[in-house]
Structures are given as structure tokens and as C-alpha cells.
Amino acid sequence: MEFYEAVEKRRTVREFLNKEVEFEAIKRILEAGNKAPTWNHNRNWSFIVLRTDEEKEFAFEEAKKIADKFDAEKYLNIPRPYLVTLGQKMYAHALPRQFTMLKSAPYVIIPIFKCKELNGESASALNPFSTIWCVAENIFLAAAAEGLSCSMRIPLKEEHDKVKARLKVPPTYMIPVFIGIGYADPEEKELEQKYPELEKQIHFGKWK
């Protein structure tokens, strides 16, 4: 698959087919992740791979609680002085699936990166965090090139720490995201996407 075709086909999904994925494809996807740029040239990354329902249920207890208590209809029908936005529609679709979109994926990849804590005082202080997201983007694009799709959940602070403890992640590492990988269910509802006009985004020489 050509690069631009993979970019075009890449999309976040929340429902997967019950169809096996060969682990060799997962290994190729993770190798693509390892080709991402790195700020310190050490590539201090590792990947936890979850395969069974038991492993996923153990890891994602908090995601299940969040999903189970969310009422999408109630959320969408809250009185508002404006029409429901595209972002709110996306939120209502995604929240109830925060657990099932991981459990139903044949594989869940949890990248971990070496960093005790995040320091947002400057952009350069976030270099470890920036580079692990380059890894994640390579994973997303490689999955698309394999004909697969990804779901993703960014853990909340307390959730992050609990999952990290359950999976015995070393204290000097952090988790940026949980990535489900599998074959997308073609019956999943596709919500409208917003794409900016490139000509309006480009500024030559200075902002204005």
C-alpha cells in the first residue's frame, strides 16, 4: 500500500470483527513503531501486548467503569443554547465503547516510554512524550497498511497509575495510550469528520 493511501485509510474505530490477526503482522507494525524519530537516540520504548479477554479485563477495569456509567442519550439531550456539535456527537459515540473497543480487538498494544513524570514547562521538556506519540502514529499507519484499524484510549491520571501498577510497569516508565488493533467492523457507524482548508492554515513568513 502506498504511503498516502495508508494515510487516507487510517481511521480510529471502536468496533472490530471477530477475526483473527496474525501476530507476524503485529510484529511488523511494532517494527514500524520502532522506526519513529527519538529525541535521545536510545529508543527507550517497550510494548506490552494483551491478547486474552482475561488480560484485557484485568488491565482496563477503569475504562469499563467509565463506559458503563455513561448515558449517551442523556448526554446528547442535555438542554443547550446551541445545536449539538460534531465533537459532542463523537464523544457520545466513543464513551460507551471505551472498554469494548479494547476488549474486542484481537490485540491491544500498550507502548511504554522511559519517563518518571511529565514536565510541561517547555516544549523541549516534553521530548520523551513527543517521541512516543511518533511511535504511536507509525503504529496507526502501519496497521492501515496491513489492512487493519486501531482504537485508542488515552488513560486518565488515576487510571494510568492503576494500569501501570497492575501490569508491573517499572516506575521510571509511563503509558501514553492503549491501542486496540484488528479488522474494523464495516457496520460501525461512521460519524462526520471535519477537515480544515489547507489554504487557510498556511502562513508565509509570519502569522499575519
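Colleague: Which residues of α2 are buried?

Modeller: The model is predicted, and local features therefore need pLDDT of at least 70, side-chain atom pairs count only at pLDDT 80 or more, and totals for chains, interfaces and linings use all residues. Residues are numbered from 1 along each chain as its sequence is written, and side-chain values use heavy atoms, with hydrogens and water left out. A residue is buried under 20% relative accessible area, exposed over 50% and partly exposed in between, with a 1.4 Å probe and protein chains only. Helices (H or I, at least four residues) and strands (E, at least two) are DSSP runs, numbered from the N terminus. In α2, the buried residues are Ala25, Ile26, Ile29, Leu30 and Gly33. Seen down the axis of α2, these buried residues fall within an arc of 135 degrees, so they line one face of the helix. The arc is taken from the directions that run from the helix axis to the C-beta atoms.

Colleague: Why do residues three or four places apart point the same way in an α-helix?

Modeller: An α-helix has 3.6 residues a turn, so residues with that spacing point the same way. The length of α2 can also be checked.

Colleague: What covers the buried residues of α2?

Modeller: Contact means heavy atoms within 4.5 Å. The cover of the buried residues of α2 includes β1 (45-50), β2 (107-114), α8 (127-145) and β5 (178-182).

Colleague: How should I read helix α4, and which of its residues are buried?

Modeller: Helix α4 (residues 61-69) has Glu62, Ala63, Ile66 and Ala67 as its buried residues. Down the axis of α4 these buried residues fall within an arc of 130 degrees, so they line one face of the helix. Lys65, Asp68 and Lys69 are exposed on the other side of α4. The buried residues of α4 pack against α3 (53-59), β3 (149-153) and α9 (157-166).

Colleague: Which residues does His93 touch?

Modeller: His93 is found in helix α6, and at 10% relative accessibility His93 counts as buried. Leaving out residues up to four places away in sequence, His93 touches Arg14, Glu188, Lys189 and Leu191. The buried residues of α6 are Gln88, Ala92, His93 and Ala94, and their cover includes α5 (72-76).

Colleague: Where is Lys189 found, and is that residue buried or exposed?

Modeller: Lys189 is in the loop between β5 and α10 (198-201), and its 58% relative accessibility makes it count as exposed. From C-alpha to C-alpha, Lys189 and Glu15 are 9.3 Å apart in space, although 174 residues apart in sequence. Glu190 has its place in the loop between β5 and α10 too, and Glu190 is exposed, with a relative accessible area of 58%. Glu190 and His93 are 97 residues apart in sequence and 9.8 Å apart in space, C-alpha to C-alpha.

Colleague: What phi does Arg43 have?

Modeller: Most residues other than glycine have a negative phi. Arg43, which is not a glycine, has a positive phi of about 50 degrees. Arg43 lies in the loop between α2 and β1 and is partly exposed, with a relative accessible area of 36%. Lys168 likewise has a positive phi, near 55 degrees, and is not a glycine. Lys168 is found in the loop between α9 and β4 (173-174), and at 71% relative accessibility it counts as exposed.
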